[in-house]
Amino acid sequence: MNNYRTIIIRKTKKIFLFIFLFIGSYAHAQKILRVGVAGLAHDHVHGIMNQFKKGEVVIAGIAESDEQLVQRYKKTYQLPDSLFYKNLESLLSHTKPDVVLAYTPISEHINVVEICAPKGIPVMVEKPLATTIKDAERIAALARQFHVQVLTNYETTWYNSNQEIYSLVNGEHTIGTIRKMTVHDGHNGPKEIGCSPDFLAWLTDPVKNGGGALMDFGCYGANLMVWLMDGKSPVAVTAVTHHLKPLIYPKVEDDATILLEYPDATGIIEASWDWPFGIKDLEVFGTKGYLHALNGNTLQKRDKDVYENVPLKPAPYTNNINYLSDVLSGKLDPGHDLSSLENNLIVVHILESALKSAREGKRISL
């Protein structure tokens, strides 16, 4: 009888332990981030607004001084007056979000980090990290001094096809050693595709955006290539730019080709506001084969003469919010991944060197 009772007690304990662990894991999976929104002048802010409407994230507050922008977003997303603050300092004095997401001109990312880092608040900016090496290194110094995460968000980070390429190249070594990488990123122009006037005003400004198509789209290729090369910087950068639409984009280049030199590999980045339609793809040539991510959900492989579609495993993260939740909880270390500070410091070095190369007409050693 006593043995029977002991068995029952043990089984009951196991059942309660299982329930406890299940509830704990479920609660963790359901944790919703409270975010502060710095700025509304970047059209990518629509992404977080839609996530908010779906209940995937809580907006703790929005810092924006432009009243017409405030009224537009209030109306579009039915946002209450209580969410809005004139500046980021005021927002953070009234509420402490888990993280601040920056939707400002790129040149203002440094300002957001200078306000948040001393308060111990992590930041995620939209790509690229900064417009200059000086600002990027200042951001990195603040992140390290105050032990906060500063991450960069790219659309292409969440492409299943890109994640699968990384797995095949650096995990399974399916195509051998990388010899060449090509990235095409562009569309027919920010004005042509209907970017908002507020976004367009700074996106085409050589100071606020740091350049034109080279900065806007060149950063994608640099980000992916540094990642595929295990966080290594190229040894040199060469770039050529064109100004094909001076009447539409009088201040900045609208087409760029960037060459990245590695000791045993080459990267070619084609960035443009002059194409007939949008393209974001990635090609990787190895010693044994070739991979081509045509878009976020289509990946092809070729060994010799035959192309075959590669079935894609679900990516571990499909958006920046799920990723951020795991990073901020300590479940995930960014390491040298696509959003990491380490990767994006190198990206800014590449972009500034590319601008210098195009301006001076020479190869720039890193």
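Predicted model: local features only at pLDDT ≥ 70, side-chain atom pairs only at ≥ 80, totals over all residues.
Biologist: Let's start with the largest pocket. Which residues are the closest to its centre?

Modeller: That pocket has a volume of about 420 Å³. Its lining is made up of 22 residues, and the closest to the centre are G39, E64, S65, T104 and E108.

Biologist: And which helices each supply at least two residues of that lining?

Modeller: By class, the lining has 11 nonpolar, 5 polar and 6 charged residues. The helices that each supply at least two of the lining residues are α4 (88–94), α5 (109–116) and α8 (197–203).

Biologist: Now N223: is this residue buried or exposed?

Modeller: N223 sits in helix α9, residues 213–228. Leaving out residues up to four places away in sequence, N223 touches Y154, T157, L338, N343, N344 and V347. The relative accessible area of N223 is 0%, and the cut-off for buried is under 20%, so N223 counts as buried.

Biologist: Let's move to L83. Which residues does L83 touch, not counting those up to four places away in sequence?

Modeller: You'll find L83 in the loop between α3 (67–77) and β3 (84–85). L83 and A63 are 20 residues apart in sequence, with 8.5 Å between their C-alpha atoms. Setting sequence neighbours up to four places away aside, the residues L83 touches are I59, A60, G61 and I62.

Biologist: How many Å does helix α11 reach from its first C-alpha to its last?

Modeller: Helix α11 covers residues 341–360, which is 20 residues. G361 follows α11, and its phi is positive, near 65 degrees. At 1.5 Å a residue the expected span of α11 is 28 Å, and the model comes close to that, with a reach of 28 Å.

Biologist: On to the largest nonpolar core. Which residues have the most contacts inside it?

Modeller: This core has 80 residues. Helix α9 gives the most to it, with 12 residues. The residues with the most contacts inside the core are I48 and M49.

Biologist: Which residues does M49 touch, leaving out those up to four places away in sequence?

Modeller: M49 is one of the core residues with the most contacts inside the core. With sequence neighbours up to four places away set aside, M49 touches L40, I59, I62, Y73, Y77 and L79.

Biologist: How many residues does the second, separate core have?

Modeller: Its members include A38, L88, V100 and A143. The size of this second core is 29 residues.

Methods: Residues numbered from 1 in each chain as written. Heavy atoms only, no water. 1 Å grid on protein atoms, 1.4 Å probe; cavity = no way out; pocket = protein on both sides within 12 Å on 5 of 7 lines; lining within 4 Å. Points joined across faces, edges and corners; volume = space filled by probe spheres on them. Helix = DSSP H or I, 4+ residues; strand = E, 2+ residues; numbered from the N terminus. Nonpolar A, V, L, I, M, F, W, Y, C, P; charged D, E, K, R; others polar. Buried < 20%, exposed > 50% of the residue type's maximum accessible area, 1.4 Å probe, protein only. Contact = heavy atoms within 4.5 Å. Expected span 1.5 Å × (residues − 1). Core = buried A, V, L, I, M, F, W, Y, C linked by side-chain atoms within 4.5 Å.
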